[in-house]
Amino acid sequence: MTRLMASFRIALRALVVNKMRSTLTMLGIIIGVGAVVAMIAVGSGAKQRIEEQIASMGSNLLMVESGSATSGGFRMGAGTTATLTVGDAKAIETEIPGVKYVAPSIRGVAQLVYGNQNWSTGVLGTSPEMIEIRGWAVSSGRPFTEQELDGAVKVCVLGKTVANNLFAGIDPVGQVVRIQKIPFTVTGVLMPKGQTTWGQDQDDIVFVPLTTAQRQLFGQAFPGMVRNIAVQAWGPDEVKQVETQIIELLRQRHRIQPNQDDDFSVRNLTEMMSSREESANVMSILLGSIASISLIVGGIGIMNIMLVSVTERTREIGIRMAVGAKSRDILFQFLIESLILSLAGGILGIGIGMIGTIILSSFTQWPILFSPQAIFLAFFFAGSVGVFFGFYPARKASLLNPIDALHYE
Amino acid sequence: MDRAGKAVDTMAEAKARMEPSGTANHTVIQVQDLTKVYRFGEVEVHALRGVSLKIQRGEFLAIMGPSGSGKSTFMNILGFLDQPTQGEYLLEGMSGARLSRDELAEIRNQKIGFVFQGFNLLPRTSALENVELPMVYARTSRIQRKDRAQKALSEVGLAGREHHHPSRLSGGEQQRVAIARALVNQPSIILADEPTGNLDSKTSVEIMGIFQRLNRDLGITIIMITHEPDIAFYAKRNIHFRDGRVVDDHENSPLLAGAGGGPS
């Protein structure tokens with residue numbers, strides 16, 4: 001222990017005496033560790049953002065969209081014609097095991113008016129389950145009920161953005177807003193969800209009962225039809241199975257021949273997001289590896305300087321050996337020197353990496369996340385680099401012949 | 001045959017050393033038929049061609065000889081920095097043959113103090129810390145280290161200059177620091193390799209004064225290489241080397257260096 005303490009003090013002295021050189025040597029490690037910390041923070045930030053989105057979208061979710069209309073050989077986009085019915089939704093709910101919730105919906109854009117304020121937004125006619133499925137929650141008031149759905153009552157639930165724009169400083173619950181001039185009573189306001197990855201404001205939305213929307217708002221074009229059926233499976237394992245069963249069921253219900261295309265489409269949102277998460281993972285591994293390379297380059301820098309330092313201090317090593325330093329003492333001295341350099345560089349690198357990342361994210365609005373494990377790993381990695389690249393020069397120093405070293409000029 | 005005889009000889013010597021003796025005449029160094037051959041590829045250089053001598057405790061010995069006479073090689077062997085090709089060297093009855101690097105380092109640390117021509121102090125390190133160095137490797141406690149280093153420095157007349165770095169000390173002062181460093185682990189011998197080679201004559205006499213005082217007052221055995229005859233006069237015994245052999249070995253009535261340097 002005293003041996004190590006003595007070597008530590010000697011090493012520290014040598015580093016302090018050569019401040020400039022020590023700083024320059026550390027620079028490589030500082031940049032390497034800083035890059036690793038920054039890259040991991042950006043990578044895991046992106047990953048966390050995607051995970052949040054998956055959670056906010058609702059888990060184990062399948063979206064059944066009505067198919068594209070074909071008009072004179074031109075195929076329009078998905079949902080341009082309503083091929084799905086409320087009956088389809090009912091059938092999915094009752095006939096397919098593994099289904100937790102089913103929520104059919106239609107959607108349109110409407111002008112909302114309250115007092116002298118007005119706001120144009122997307123109106124989603126759906127069932128109360130939709131709120132559950134998409135992972136929404138009500139922050140004040142209540143969602144509309146099954147009874148209100150059955151009775152086509154004119155009630156609505158406002159997204160936070162809509163509520164903020166129409167009701168400045170007033171509690172919207174219980175107030176009456178006009179949607180396309182038709183009065184609706186506000187039963188609740190949703191908890192904000194923020195933006196999607198592609199920057200869409202998820203809170204700019206109004207929920208109304210499906211029946212009300214069909215009869216009062218957008219129903220005229222396709223009576224009894226829905227644009228979209230959201231299906232939630234009980235668990236992640238059932239999603240795939242439910243998906244094939246929905247396709248089978250709907251082809252049967254729509255009387256589609258085996259050689260014909262589906263007139264609907266089923267999208268597995270969880271799968272889509274998982275693949276996004278996967279690519280974010282690959283990205284952060286890639287960034288991390290590139291950053292690690294700079295850390296290794298930093299280590300080679302340490303080795304270089306330590307080799308120069310050993311040559312430069314050959315005489316000092318000779319003096320130390322003459323007065324009784326053993327090989328181990330010299331080995332430890334130089335090894336500890338490179339270890340101090342790399343660990344100090346590691347600590348500074350972590351600090352600079354974190355500051356740099358915070359500055360970067362304040363400019364780019366990228367999400368960042370510092371995980372203690374990643375920081376510890378970077379520090380540990382820096383230490384290993386120091387020992388690994390410091391060993392060769394230290395060993396070289398410890399094996400010098402004392403006579404030659406003493407007479408080295 | 002010859003070898004066996006020598007072995008018996010050294011056994012007897014060792015026995016003699018074991019016996020308590022009140023006299024100061026006590027063998028510290030015993031060298032028998034020491035040879036050293038350096039090989040540079042095909043060429044063999046015989047640096048030492050059979051050197052035998054005994055050095056008693058409390059001697060002050062000057063080794064002289066032209067360059068290439070083998071005196072530096074001899075010094076390196078005495079200092080456990082190098083091993084002889086043949087022959088035997090015993091320091092206080094202890095042989096360095098077959099010892100590992102680290103064991104040799106330990107002997108150097110405990111038994112030998114070195115003083116070099118070029119001082120060989122650590123740069124950018126205070127006098128005190130330079131003197132502490134051998135004790136660092138002897139695992140002496142910090143407090144004791146500081147205490148003993150301070151005493152050694154005042155022994156050589158440098159009290160009050162402990163915190164100066166070598167660059168701010170004169171040549172003579174640097175050599176005094178080196179002597180303090182050589183003293184500090186209470187070695188059996190001090191080996192000085194041309195200690196005045198880099199000093200002017202006035203300072204040289206001061207350094208000799210210090211050596212004489214350490215030798216006289218503390219009874220420290222000093223072996224010094226020099227090629228200046230007037231420096232050799234300060235020693236009690238002079239040995240001349242030529243072509244790897246001792247050609248002359250005589251007692252000397254030493255010149256006194258007076259009160260040069262330090263409290264005496």
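In what order do the four strands of the open sheet in chain B run, and is the pairing parallel or antiparallel? The order is β2-β1-β4-β5 (chain B), and the pairing is antiparallel. Keep in mind that this is a predicted model, so what follows describes a prediction.

**Chain B: the sheet and its surroundings**

At the edges of that sheet sit β2 (43–56) and β5 of chain B, each of which pairs on one side only. For β2(B), the partner is strand β1 (residues 27–40) of chain B, and the two run antiparallel over 11 bridges. One pair to look for there is L34(B), whose bridge partner in β2(B) is V51(B). As a reminder, strands of a sheet pair through backbone hydrogen bonds, either parallel or antiparallel.

Stepping back, chain B has eight helices and 10 strands. Of its 264 residues, 47% are buried. Take the contacts in chain B between residues at least 6 apart in sequence: 70% of them join residues at least 24 apart.

Two loop residues in chain B are worth a click for their backbone angles. R98(B) has a phi near 65°, which is positive although the residue is not glycine. You'll find R98(B) in the loop between β5 (94–95) and α3 of chain B. Q186(B) also has a positive phi without being glycine, near 50°, and its loop lies between α6 (171–183) and β7 (189–193) of chain B.

**Where B meets A**

The contact between the chains takes 20 residues from chain B and 17 residues from chain A. On the chain B side, α3 (101–111) and α4 (127–137) each supply at least two residues. The largest share of that side, six residues, comes from α3(B). By class, the side of chain B that touches chain A has nine nonpolar, three polar and eight charged residues.

Chain A has a mean pLDDT of 85, with 93% of its residues at 70 or more. Confidence in this chain is lowest in strand β2 (residues 70–71), at a mean of 52, and highest in helix α10 (residues 314–322), at 93.

Strand β8 (residues 155–158) of chain A has V155(A) and V157(A) pointing one way and C156(A) and L158(A) the other, and all are buried.

| Partner of β8(A) | Sense | Bridges | Facing residues |
|---|---|---|---|
| β10(A), residues 182–190 | parallel | four | C156(A) and V186(A) |
| β11(A), residues 205–209 | antiparallel | two | V157(A) and F207(A) |

**Chain A: helices**

How far apart are the end C-alpha atoms of helix α12 (residues 372–398) of chain A? They are 37 Å apart; at 1.5 Å a residue, the 27 residues should span 39 Å, so the two values agree. Even so, α12(A) bends by about 40° at F391(A), with a proline, P393(A), following within four residues. The buried residues of α12(A) include A374(A), A378(A), F381(A), A382(A), V385(A), G386(A), F389(A) and G390(A). An α-helix has 3.6 residues a turn, so residues three or four places apart point the same way.

V385(A) turns up again among the contacts of G298(A), along with G28(A), I29(A), I31(A) and G32(A), leaving aside residues up to four places away in sequence. G298(A) belongs to helix α9 (residues 269–312) of chain A. G298(A) is buried because 28 other C-beta atoms lie within 10 Å. G298(A) and I29(A) are 269 residues apart along the chain, yet their C-alpha atoms are separated by 4.8 Å.

Helix α2 (residues 19–57) of chain A holds V42(A). With 22 other C-beta atoms within 10 Å, V42(A) is buried, and the residues it touches are L287(A), T357(A), W366(A) and I368(A), again not counting those up to four places away in sequence. V42(A) and A55(A), 13 residues apart along the chain, have C-alpha atoms separated by 20 Å.

Technical notes: Residues numbered from 1 in each chain as written. Chains lettered and ligands numbered in written order. Predicted model: local features only at pLDDT ≥ 70, side-chain atom pairs only at ≥ 80, totals over all residues. Contact = placed C-beta atoms within 7 Å. Nonpolar A, V, L, I, M, F, W, Y, C, P; charged D, E, K, R; others polar. Buried ≥ 20, exposed ≤ 12 C-beta atoms within 10 Å, placed from the backbone. Pairing = 2+ DSSP bridges. Expected span 1.5 Å × (residues − 1). Bend = angle between axes of the 7 residues up to and from the residue. pLDDT = per-residue confidence, 0-100.
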